[in-house]
Amino acid sequence: MTLLVTAVGPVRASADQTPKGGGGIGCQLFTCEVEVNVPGHSGGEAGGTDSTGGTGGGGPSAGEDDPYQKVCKYELSDPQPPAGSLDWEGHKPGDGAVYKQTCGIGDFTNTITRMVWLAEAPAQETVDPAVLAQRAVDSMTLLGPDVASPRAAGKYTVGVPMWMWVDQSATTYGPNTASASAGGITVTATAKVSKIVWRMGDGASVTCNGPGTPYQASEGMAQSPTCGHVYSKTSDGAKNGKFPVTATSTWTIDWEGGGQGGQLTEIRQTDVQVAIGELQVVR
C-alpha cells in the first residue's frame, strides 16, 4: 500500500520511501510530501483482499488486529464540484455525492485527505452532546471557593457575628464558559456557583446563595445580611485549637448544542482552620 504522508520537520529518503512523482522529495521549508510504501501492505487496502482473493501483501486476515488498519472520516463537499470535475469519478451531479475523505493509519498520527465520490452518505460516528458538555466542563478547571473570610490567620470571638464571603473569579465562582466540538457538533457550557454550604466546625451548617458580603468597620457588631455565623463556644477543645471550617460550592452548569440542552452539577470544596476565643474585657 502506498500512502501520501505530509511530514513536518527534516525528512530524508530511505529504502521504504519513494519520492513523490519519482523525483526528489517535494519540500517547502520544513514541510515535505512523500509516498511511503508500507511493508507487507503493498496490495490494496490494509487487511483487504487483492485481485486473487488473498490477503493483500501478506497482511492479517479478517478479524485480526492490524496496526495499519485505515480509519476514515467523511465531510460532504460544500459546494459540490461542477459537472465534469474529476472528483465525480465519471459520475454526474446528483448521482451520489463528493466527500472530503480524511484517513489515518493506526494511531492517526499521519493522515491522508482527498476528494472521493460515494453512491450513498457514509455512516458517521454518533456524537452525544451531553458527552461534549462534560468535556467542556472538564476544560474549565473549576475550583473550590476562594475564601476571603474567615481567614486562617484571623482572630474571632465567641458571640461576635462572623461575616463570611468569598472572592470571585471565573474558576472559583463564575461565570465560566467553554466549548467542545466533535463530529460537526459544538456544545457550549456556562458554569456558575449557585450556593456555598459552610460547615463551621462547631456542628453548625450555613447555606449561602451568594458570595457573601465583605465586612466594613462601619457595620460594628451587626450580623452579615447575606452570609454569617455566630459561635457560641471557643475552639479550645478542637484539634490544634481551631475549628475546621469547610466551604463547599455547588457549580450549576447550563449547556446547549447539537439541538439539545441540559444542566450539569459539579461540587468543589475549600478548607480553612479558624480560631475562636473568649471575649476580652478591658478594665
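This is a predicted model: local features need pLDDT of at least 70, side-chain atom pairs count only at pLDDT 80 or more; totals for chains, interfaces and linings use all residues.
The strands come first. Strands are DSSP runs of E with at least two residues, numbered from the N terminus, and two of them pair if DSSP finds at least two bridges between them. Strand 13 (residues 185-199) and strand 16 (residues 243-257) run antiparallel, and 11 bridges join them. Strand 13 also runs antiparallel to strand 12 (residues 176-182), with seven bridges between the two; here S179 has T188 in strand 13 as its bridge partner. These two strands form a hairpin with two residues between them, and G183 in the turn has a positive phi of about 55°. Strand 14 is a further antiparallel partner of strand 13, joined to it by four bridges, and W198 finds its bridge partner in V206 of strand 14.

A search of the whole structure finds two of them. One joins C208 to C227, with the sulfur atoms 2.0 Å apart, and with 80° about the S-S bond this link is right-handed. C208 lies in strand 14 (residues 205-208) and C227 in the loop between strand 14 and strand 15 (228-229), so the pair ties together parts that are 19 residues apart in sequence. Buried stands for under 20% relative accessible area, exposed for over 50% and partly exposed for what lies in between, with a 1.4 Å probe and protein chains only; C208 is buried at 1%, and C227 is buried at 2%.

The other disulfide is formed by C72 and C103, whose sulfur atoms are 1.9 Å apart. This pair links distant parts of the chain, C72 being in strand 5 (residues 70-76) and C103 in strand 6 (residues 97-105), 31 residues apart. The torsion about its S-S bond is about 105°, so the disulfide of C72 and C103 is right-handed. C72 is partly exposed, with a relative accessible area of 24%, whereas C103 is buried, with 2%.

A salt bridge is taken here as a side-chain nitrogen of Lys or Arg within 4 Å of a carboxyl oxygen of Asp or Glu, and by this rule the count comes to one. E266 and R268 form it, their closest N and O atoms being 3.1 Å apart. E266 counts as buried at 15% relative accessibility, while R268, at 25%, counts as partly exposed.

Finally, there is the second largest pocket to consider. The lining of the second largest pocket has 10 nonpolar, four polar and two charged residues, where Ala, Val, Leu, Ile, Met, Phe, Trp, Tyr, Cys and Pro count as nonpolar, Asp, Glu, Lys and Arg as charged, and the others, Gly among them, as polar. Strand 9 supplies the largest share of this lining, three residues.

Conventions
Residues are numbered from 1 along each chain as its sequence is written. Side-chain values use heavy atoms; hydrogens and water are left out. A disulfide is a pair of cysteine sulfur atoms within 2.5 Å.
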